[in-house]
Amino acid sequence: VLSKGEVVSEACSYPAESELELGLGLSIGGATGKTKPATATSSWGECGRILTAKDFPSVVSHRTKNGGPSVSVSGIKRAAESVSHEGGSPTGVSGSSQVVGWPPIRAYRMNSLVNQAKSQRADEGDSGIGEKDKPKDALKKKLNYNGNKISSTTTVNEKGHLGFVKVNMDGIPIGRKVDLNAHSCYQSLAQALEDMFLRSTNSVGVEKEQLTKASKLLDGSSEFVLTYEDKEGDWMLVGDVPWRMFVSSVRRLRIMRTSEANGLGIHKKSMANHSCFSFSVSESCYSFVAAPRFHDSNERQRSKPI
Amino acid sequence: MAYSFPDEVLEHVFSFIQSDKDRNAVSLVCKSWYEIERWCRRKVFIGNCYAVSPRMVIRRFPEVRSIELKGKPHFADFNLEIRLKRMVVTDESLELIAKSFKNFKVLVLFSCEGFSTDGLAAIAASCKNLRELDLRESEVDDLSGHWLAHFPETCTSLVSLNISCLGSDEVSFSALERLVGRCPNLRSLRLNRAVTLDKIANILRRAPQLVDFGTGNYAAELQPDVFSNLAGAFSSCKELKSLSGFWDVVPAYLPALYSICPRLTSLNLSYATIQSPDLIKLVSHCPRLQRLLVLDYVEDSGLEELASSCKDLQELRVFPSDPFGAEPNVSLTEQGLVAVSLGCPKLQSVLYFCRRMSNAALVTIAQNCPNLTRFRLCIIEPKTPDYLTLEPLDAGFGAIVEHCKDLRRLSLSGLLTDHVFEYIGTYGKKLEMLSVAFAGDSDLGLHHVLSGCESLRKLEIRDCPFGDKALLANAAKLETMRSLWMSSCAVSFGACQLLGQKMPKLNVEVIDETEPPDSRPESYPVDKLYIYRSVAGPRFDMPPFVWTMDEAVKILHGSFA
């Protein structure tokens with residue numbers, strides 16, 4: 001039995017070690033022939049838990065005395081400059097807000113917190129307290145896109161993980177989530193989504209052909225487009241409006257086959273401003289007239305059970 | 001002498017045994033008891049839906065009528081009662097249930113997702129004898145409130161309806177009113193936020209027999225007639241014992257509840273952003289309260305009041321109002337919990353989010369509440385030490401496990417070394433579920449838990465320096481547990497492969513959303529690891545970022561690499 005005072009390190013012996021039937025020989029040593037060399041940036045620490053590590057390095061990697069990499073926890077106070085989203089004041093942000101899934105609060109409760117904070121802010125500046133049962137339209141008018149209202153809603157989004165939205169890609173049964181707070185422009189969001197949906201090399205559950213087609217996005221062809229559902233339930237083309245406006249109105253994202261993207265709501269004059277996109281837009285697929293609400297019967301192909 | 005009892009007699013005796021554990025024990029006595037028991041088992045609980053296949057369950061229990069499943073699904077062919085937790089359920093599945101099982105009685109979707117109100121409409125329309133529809137905390141695509149109108153006029157069987165999670169602003173209120181009015185057995189009704197305060201009175205007057213009620217929105221401009229109407233409606237509900245909902249509360253309307261407060265045993269104010277003085281006023285009217293869920297706006301002062309007013313309190317949950325803020329926004333500390341532990345001797349279950357803790361407080365709590373069965377403490381900042389001594393909180397949690405001999409569930413937080421795990425392994429003999437984050441120094445910690453906690457069923461660990469040694473040395477233990485989750489630890493891919501190969505009764509799943517684990521050296525730690533026992537073999541419905549470690553499957557993956 002090990003005494004309490006023993007200094008424990010990886011190399012210390014356990015009573016059970018001599019009875020270890022399994023043996024550790026397999027796990028120690030070099031890679032087998034089939035593995036390819038790890039890329040320079042894929043050190044364990046930086047891949048971390050947030051898919052787009054570029055803006056949001058939350059984990060610092062250290063090597064243990066045995067030479068194996070290990071994760072050091074991110075209760076560390078982050079450098080102020082690494083927070084890049086809008087309106088944010090990074091000073092004073094504690095370590096806990098940098099860690100995904102911590103504190104452990106159910107998504108349902110988090111969403112409620114967000115909705116409450118948002119509706120409270122929406123009512124700021126109104127006369128009368130407690131007028132929360134206004135009709136839907138009136139509320140929407142308050143959230144129109146003038147500077148003050150935007151910054152109040154993005155202040156909410158500042159808070160840790162309340163910026164996650166769902167993303168689905170046509171043809172891939174499993175949806176994902178992306179943290180909008182980790183991005184400050186469409187380009188980085190598009191990059192993150194490409195990484196998420198196209199970089200996975202294991203094709204279980206995904207048609208190989210599908211992946212090949214989709215990867216043409218990187219070349220700028222228009223097999224898929226990125227769309228989003230806004231607060232009013234309309235499906236719009238991403239890139240349509242200024243980033244802040246987008247963040248405050250997006251409900252969820254969908255990477256849609258271009259062929260199905262007819263009739264998306266789109267603002268005529270913003271068509272010219274999508275140069276920060278990696279997903280390209282096929283102009284011939286869109287009518288420039290304000291379209292009726294996109295009928296999402298295609299949404300019926302939902303995630304299958306996983 | 002058991003031979004002298006005819007089967008029918010034994011079957012009758014067994015029918016009084018409802019607990020799953022006891023049923024399982026009965027089935028192990030001898031072959032004939034196994035046979036008799038399996039033919040008369042009506043209810044099956046499956047803690048992990050991948051641990052056993054539906055076919056096996058039906059083969060063993062041909063007369064099953066009620067299924068409770070946890071985990072990710074194959075959709076299972078069961079009739080009459082389905083309870084799912086944390087699963088993805090599609091509209092197609094709901095439509096299938098509706099089409100296939102006309103006598104369907106109970107559908108509980110707890111924290112599920114993947115379906116919309118279209119699927120609910122199908123259920124409402126087809127299930128003529130639906131008794132219970134409970135969607136608690138699920139993520140539902142709320143396309144319109146219209147689905148409620150799909151309940152036919154002939155549906156009068158509802159006993160429980162929980163639609164609190166539906167998010168849209170629309171609700172078909174008249175359909176809801178009519179539905180409530182024609183279901184005389186309705187005992188539990190939980191509305192969603194779209195239902196405004198002024199509508200509550202109408203609903204309650206149609207269902208004065210309610211035992212459990214969840215309000216929708218509880219905010220409106222203060223108007224005397226609305227207030228008195230509401231107060232009157234509440235007071236006519238003589239059976240009402242449990243309240244929840246309370247989104248967007250206007251405190252001036254809380255006194256409308258005073259007439260029922262003396263009877264209340266359960267109060268969920270965990271979405272109510274009301275401040276401590278209003279909470280204190282309300283709680284002081286509820287002397288019979290057994291269960292309170294509240295936001296940390298209650299503050300230490302509110303908890304002190306709770307401790308003096310509510311001597312029957314068994315369960316307390318305090319949630320954070322601002323979990324990501326750098327500085328505390330409320331005056332809620334360990335003192336509040338200590339006060340409750342002192343004043344409420346029947347306290348059994350605690351969930352407490354706070355920003356500071358001390359060993360002394362934990363020791364006091366442990367000594368005051370030896371009957372604790374569930375203790376979950378979340379100190380918001382990872383690795384926070386005892387704020388008085390700056391030491392780890394090992395001694396405090398050690399006191400908890402030592403004094404609370406019936407402790408079944410424990411969640412740790414704060415600065416913790418391997419010592420706390422030694423305490424847990426030594427004293428936590430009844431511990432069934434343990435959650436660990438940002439704790440420990442070495443594999444020794446994990447080893448203490450796996451080798452010491454005899455009753456352990458579920459272990460979840462994140463961000464701890466636990467690696468291969470303890471896991472491999474205690475591999476056999478894993479077969480006695482339901483599951484082990486480890487993320488951001490130091491378990492190598494090679495160890496996972498080894499476990500997968502050597503332990504056929506375990507499914508070892510490696511989850512990595514950035515790149516395949518075999519694209520790195522085998523000594524590299526995996527991102528996430530989920531190990532569970534199963535007699536059904538590996539599953540094949542994983543998304544592409546999940547890999548199963550299995551001899552045969554490894555080869556399969558290998559060919560794609």
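Guide: In helix 11 of chain B, Asp300(B), Leu303(B), Glu304(B), Leu306(B) and Ala307(B) are in contact with Gln335(B), Gly336(B), Leu337(B), Ala339(B), Val340(B) and Gly343(B) of helix 12 of chain B; contact means heavy atoms within 4.5 Å. This is a predicted model, in which local features need pLDDT of at least 70, side-chain atom pairs count only at pLDDT 80 or more, and totals for chains, interfaces and linings use all residues, while side-chain values use heavy atoms, with hydrogens and water left out. Residues are numbered from 1 along each chain as its sequence is written, and chains are lettered from A and ligands numbered from 1 in the order in which they are written. Helices (H or I, at least four residues) and strands (E, at least two) are DSSP runs, numbered from the N terminus.

Helix 11 (residues 299-309) and helix 12 (residues 334-343) of chain B pack with their axes 8 Å apart, at an angle of about 0 degrees. Axes are lines fitted to C-alpha atoms, for helices over the stretch in contact, and angles run from 0 to 180 degrees between N-to-C directions. Helix 11 of chain B and helix 12 of chain B are therefore roughly parallel to each other; angles under 35 degrees count as roughly parallel, over 145 as roughly antiparallel, 65 to 115 as roughly perpendicular and the rest as oblique.

Another helix of chain B, helix 7 (residues 173-181), has Phe173(B), Ala175(B), Leu176(B), Glu177(B), Leu179(B) and Val180(B) as its buried residues. Buried means under 20% relative accessible area, exposed over 50%, and partly exposed in between (1.4 Å probe, protein chains only). These buried residues pack against strand 8 (160-162), strand 9 (188-190) and helix 8 (197-206) of chain B.

Among the strands, strand 20 (residues 483-487) of chain B is mostly covered, with four of its five residues buried. Two strands pair if DSSP finds at least two bridges between them. Strand 20 of chain B pairs with strand 19 (residues 458-462) of chain B in the parallel sense over five bridges, and there Ser483(B) is the bridge partner of Lys458(B). With strand 22 (residues 528-533) of chain B, strand 20 of chain B pairs in the antiparallel sense, again over five bridges; in that pairing Trp485(B) has Tyr530(B) as its bridge partner.
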